Amino acid sequence: MPWMVRWPGGFPVFAAQAEGARLRDVDGHEYVDFCLGDTAAMTGHSPEPTVRALAEQARRGITLMLPSEDALWAGRELGRRFGLARWQFALTATDANRFAIRLARELTGRPKVLVFNWCYHGSVDETFATLTDGAVVAREGNVGPPVPLDETTRVVEWNDVEALERELAHGDVACVLTEPALTNIGIVLPEPGFHDALRAATRETETLLIVDETHTICAGPGGYTAAHGLEPDLLTIGKPIAGGIPAAAYGFSRNVAERLEALLPRDERADIGGIGGTVAANVLSLAATRATLEHVLTEHAFGHMIALGERFEAGVADAIERHGLPWHVTRLGCRVEYLFRPERPRTGSEAAAGGDALLDRLIHLYALNRGILLTPFHNMALMSPATTEADVDLHTEVFDEAAQELAGT
Ligand SMILES: Cc1ncc(COP(=O)(O)O)c(C=O)c1O
């Protein structure tokens with residue numbers, strides 16, 4: 001994968017082993033890991049309850065093509081956390097998004113998907129689109145797009161309600177697919193009232209709203225959706241829900257579930273529907289999902305993780321201010337990110353324009369050389385249940401030194 005090798009410093013970090021919030025490389029260097037597998041290891045590496053459940057389940061079957069009781073438990077628990085009635089399982093968040101989009105098209109009979117500029121939802125064809133001079137085109141680096149992107153996708157800027165309403169008014173959009181806050185171009189938070197306007201505009205035009213909580217689970221046990229009372233029609237999530245074992249889920253509101261059940265007779269379309277896969281909902285990933293949700297990503301753990309996020313944010317904000325740098329820091333729950341521009345961006349485009357690839361690389365290398373692993377090509381840090389105050393304080397110290405050297409203060 002490109003992100004495995006795109007580290008500054010001439011060669012990538014080769015991992016030897018990881019445990020909790022620490023990672024050791026093959027040369028014996030130890031790092032505090034704030035990257036945490038870009039959220040897939042937000043649980044900390046190899047959390048004990050998940051490892052135990054995996055070992056026990058692996059002896060009792062790995063993939064059976066049959067439902068398990070863990071699936072029932074996980075479906076109920078996801079329903080309790082996120083407020084959606086029914087759930088299906090996949091292996092990656094990319095797949096959960098792809099399946100949710102197919103279902104939205106089937107339900108609405110409409111062809112298009114609306115996404116926000118500079119979004120990321122995995123390798124989903126429809127979402128690799130961008131706005132260039134007002135036109136929807138393939139995003140740079142999009143490998144082999146099957147059709148021109150304006151045939152499948154409408155794109156608007158985040159927080160732009162007027163453009164959203166204008167694009168939905170065409171009546172050809174099956175679903176809006178969005179993160180509740182953008183997290184893949186730095187963190188770009190919704191402005192007050194944006195989610196209300198999004199929900200009202202999607203309801204008015206009978207467009208389904210899919211909320212992708214894969215990263216924003218950092219906001220709490222029920223993600224941003226529960227923390228802010230969102231009411232999506234469908235919700236997708238992957239990455240950390242099984243402690244890093246491939247697992248993902250997509251949930252539906254009761255209304256969507258009933259409409260789908262009426263539309264998709266169980267016997268007729270079971271294996272040609274374009275949904276799911278042979279090893280989706282396998283018993284091993286469901287055992288890991290259950291153990292992770294029950295014992296690792298708990299309410300108590302989020303209390304600890306979010307407090308550490310606040311500590312991390314305060315340390316960075318203080319250093320930025322003391323050294324008079326034109327930067328800022330943003331936090332969403334236990335996810336913190338700094339961006340090299342003075343004001344918070346309102347849109348993905350503003351955030352992209354505020355990027356500084358060279359400075360990014362410098363900070364990453366500076367941190368790596370001092371025992372800290374940040375997420376490649378983001379200045380993003382995540383707190384896990386295993387992260388400690390001392391880990392955060394080490395970052396604060398290193399960031400402060402870097403800021404001092406750069407500012408010459
Ligand atoms: C919001 C969001 N959704 C979906 C995905 C895709 O996840 P995966 O690569 O595990 O399929 C990502 C990956 O970064 C993501 O950030």
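View 1. In E9, cysteine 175 is the bridge partner of valine 113. This is a predicted model, in which local features need pLDDT of at least 70, side-chain atom pairs count only at pLDDT 80 or more, and totals for chains, interfaces and linings use all residues. Residues are numbered from 1 along each chain as its sequence is written, and side-chain values use heavy atoms, with hydrogens and water left out. Helices (H or I, at least four residues) and strands (E, at least two) are DSSP runs numbered from the N terminus. E5 pairs with strand E9 (residues 173-178) in the parallel sense over three bridges; two strands pair if DSSP finds at least two bridges between them. Lysine 112 stands opposite valine 173 in E9.

**View 2. Strand E5 and its burial.** Five of the five residues of strand E5 (residues 112-116) are buried, so E5 is largely enclosed by the rest of the structure. Buried means under 20% relative accessible area, exposed over 50%, and partly exposed in between (1.4 Å probe, protein chains only). Both faces of E5 are covered, with buried Lys112, Leu114 and Phe116 on one side and buried Val113 and Val115 on the other.

**View 3. Strand E5 beside strand E8.** E5 and strand E8 (residues 153-156) run parallel and are joined by four bridges. Leucine 114 stands opposite arginine 154 in E8, and phenylalanine 116 stands opposite valine 156 in E8.

**View 4. Strand E9 beside strand E10.** Four bridges pair E9 with strand E10 (residues 208-212) in the parallel sense. Threonine 178 of the pair stands opposite valine 211 in E10. Six of the six residues of E9 are buried, so E9 is largely enclosed by the rest of the structure.

**View 5. The seven-stranded sheet.** The strands of this open sheet follow the order E4-E12-E11-E10-E9-E5-E8, with mixed pairing. Strand E4 (86-90) and E8 stand at the edges with a single partner strand each, so one side of each has no neighbour in the sheet. Neighbouring strands are turned by 20° against each other on average, direction ignored. Axes are lines fitted to C-alpha atoms, for helices over the stretch in contact, and angles run from 0 to 180 degrees between N-to-C directions.

**View 6. Helices H4 and H8.** The axes of helix H4 (residues 93-108) and helix H8 (residues 254-263) cross at roughly 75° and come within 11 Å. H4 and H8 are therefore roughly perpendicular to each other, a term for angles of 65 to 115 degrees. Leu103, Glu106 and Leu107 of H4 make the contact with Val256, Arg259, Leu260 and Leu263 of H8; contact means heavy atoms within 4.5 Å. The residues of this contact divide into five nonpolar, no polar and two charged. Ala, Val, Leu, Ile, Met, Phe, Trp, Tyr, Cys and Pro count as nonpolar, Asp, Glu, Lys and Arg as charged, and the others, Gly among them, as polar.

**View 7. The largest nonpolar core.** Of its 64 residues, Phe34, Met42, Phe312, Tyr338 and Met383 touch the most other members. Helix H10 (residues 299-322) supplies the largest share of this core, nine residues. A nonpolar core is a set of buried Ala, Val, Leu, Ile, Met, Phe, Trp, Tyr and Cys residues joined through side-chain atoms within 4.5 Å.

Definitions and conventions:
Parallel < 35°, antiparallel > 145°, perpendicular 65-115°, else oblique.
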